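Please look at the sequence and the structure before reading the notes.

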Amino acid sequence: MKNRTLVLIAIIILCCGCEETNFEPETHNFRFEQLPGCQTLVYNNLEKAGADSCFNYSFFEKLVVEFCVSGNCCPDSNRFAVESKELGDTITISVQDTAANLCRCNCNYIILTEFQNLTGNNYFVKCTDKESGRVLYLKEVKRR
């Protein structure tokens with residue numbers, strides 16, 4: 001009886017001392033837009049993250065990321081659905097082409113994303129193709 005009481009007390013102490021941990025990704029104010037039409041050049045108003053990269057960013061009060069995604073030429077607007085999630089120091093941006101492939105050509109489209117209320121100063125931004133899971137870009141961004 002004494003052993004059962006000790007075991008019961010130990011279980012109660014262990015259970016009461018545990019904190020519930022939330023592993024859900026944080027969400028921040030996020031918006032995106034697909035810049036209209038096929039793009040041949042990336043706008044130069046943001047900092048290049050690397051040579052020959054179609055990934056640019058600006059990170060002051062908010063993080064602005066623009067990157068290229070290849071898609072069919074027709075239709076050339078509203079092709080993509082974009083989602084984001086933050087987990088620790090990684091922000092994942094998933095892009096999915098949702099439009100029909102109506103032409104026999106492909107082109108680059110620019111996806112512009114904006115994140116507000118980020119608390120960290122350094123993040124890894126991972127852009128992925130949602131359907132294939134392929135990583136399009138994985139870059140470190142730093143607040144300036």
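The notes below treat the disulfides and then one of the sheets. The model is predicted, and its disulfide count comes to four. A disulfide is a covalent bond between the sulfur atoms of two cysteines. When the bonded cysteines are counted along the chain, the disulfides follow the pattern 1-8, 2-3, 4-7, 5-6.

**The disulfide of C54 and C68**

- The sulfur atoms of C54 and C68 are 1.5 Å apart, and the two residues form a disulfide.
- This pair links distant parts of the chain, with C54 in the loop between β2 (47-48) and β3 (55-59) and C68 in strand β4 (residues 63-72).
- The two cysteines are 14 residues apart.
- Both C54 and C68 are buried.

**The disulfide of C73 and C105**

- C73 is joined to C105 by a disulfide, with an S to S distance of 2.5 Å.
- C73 lies in the loop between β4 and β5 (80-87), whereas C105 lies in the loop between β6 (90-97) and β7 (106-116).
- The pair links distant parts of the chain, 32 residues apart.
- C73 counts as buried because its relative accessible area is 15%, and buried means under 20%.
- C105 has a relative accessible area of 34% and is therefore partly exposed.

**The disulfide of C74 and C103**

- A further disulfide joins C74 to C103, with an S to S distance of 1.6 Å.
- The link of C74 and C103 is left-handed, with -85 degrees about the S-S bond.
- C74 is partly exposed, because its relative accessibility is 23%.
- C103 is also partly exposed, with a relative accessible area of 26%.

**Another cysteine**

- C127 counts as buried because its relative accessibility is 0%.

**An open sheet of four strands**

- Four strands form an open sheet in the order β5-β6-β8-β9, and their pairing is mixed.
- β5 and β9 (135-142) stand at the edges with a single partner strand each, so one side of each has no neighbour in the sheet.
- From one strand to the next, the twist averages 15 degrees.
- Strand β8 (residues 122-129) pairs with β9 in the antiparallel sense over seven bridges.
- The bridge partner of F124 is E140, in β9.

Notes: Residues numbered from 1 in each chain as written. Predicted model: local features only at pLDDT ≥ 70, side-chain atom pairs only at ≥ 80, totals over all residues. Heavy atoms only, no water. Disulfide = S-S within 2.5 Å. Buried < 20%, exposed > 50% of the residue type's maximum accessible area, 1.4 Å probe, protein only. Pairing = 2+ DSSP bridges. Axes fitted to C-alpha atoms, helices over the stretch in contact; angles between N-to-C directions.
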